[in-house]
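My entries follow the display.

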Amino acid sequence: MTTQVKYKLGEREANGLCRVIALVEFSDVSVGDVGGYVEDERNLAHTGDAWVYGDAQVYGNAQVYENAQVHGNAQVSWNAWVSGNARVSGNARVSGDA
């Protein structure tokens, strides 16, 4: 069974992160939509409706998966996992052990 690739990474920016760009339509995301920032594909699942929006950032060993969403200026970092139907938004900071 193959996993559908739902996004690609844009160019690495000055902050060391890449924007996610949707390749398929899911949830409220359309093909071509530019999302928030991730450090690496390991940070955002290709399965489910997980997505990073706006200027939100996910980096380190952090993971966003299932149907979780990260919005606004929120940051998810270190070893934090955001899953299920969780929503992280605003200026929230979620981090696991450093």
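Entry 1, burial and overall size. I looked up burial first: 37% of the 98 residues in the protein are buried (under 20% relative accessible area, with exposed over 50% and partly exposed in between, 1.4 Å probe, protein chains only). This is a predicted model, in which local features need pLDDT of at least 70, side-chain atom pairs count only at pLDDT 80 or more, and totals for chains, interfaces and linings use all residues. Residues are numbered from 1 along each chain as its sequence is written, and side-chain values use heavy atoms, with hydrogens and water left out.

Along the principal axes, the C-alpha atoms fill a box of roughly 35 × 30 × 25 Å.

Entry 2, strands. I found 11 strands and zero helices (DSSP runs numbered from the N terminus: strands are E, at least two residues; helices are H or I, at least four). An open sheet of six strands has the order β1-β2-β3-β5-β8-β11, with mixed pairing (two strands pair if DSSP finds at least two bridges between them). β1 (7-12) and β11 (93-95) are at the edges with a single partner strand each, so one side of each lacks a neighbour in the sheet.

I then checked two of the pairings. β1 and β2 run antiparallel and are joined by four bridges; Arg12 stands opposite Cys18 in β2. The two strands form a hairpin with five residues between them, and Gly16 in the turn has a positive phi of about 85 degrees. β5 (residues 57-58) pairs with β8 (residues 75-77) in the parallel sense over two bridges, and Val58 has Val76 as its bridge partner in β8.

Which residues touch the most other members of the largest nonpolar core? I listed Leu44, Trp51, Val52, Val58, Val64, Val70 and Val76, out of 23 residues (a core is a set of buried Ala, Val, Leu, Ile, Met, Phe, Trp, Tyr and Cys residues joined through side-chain atoms within 4.5 Å). β2 (18-22) and β4 (51-52) are the elements that give two or more residues to this core.
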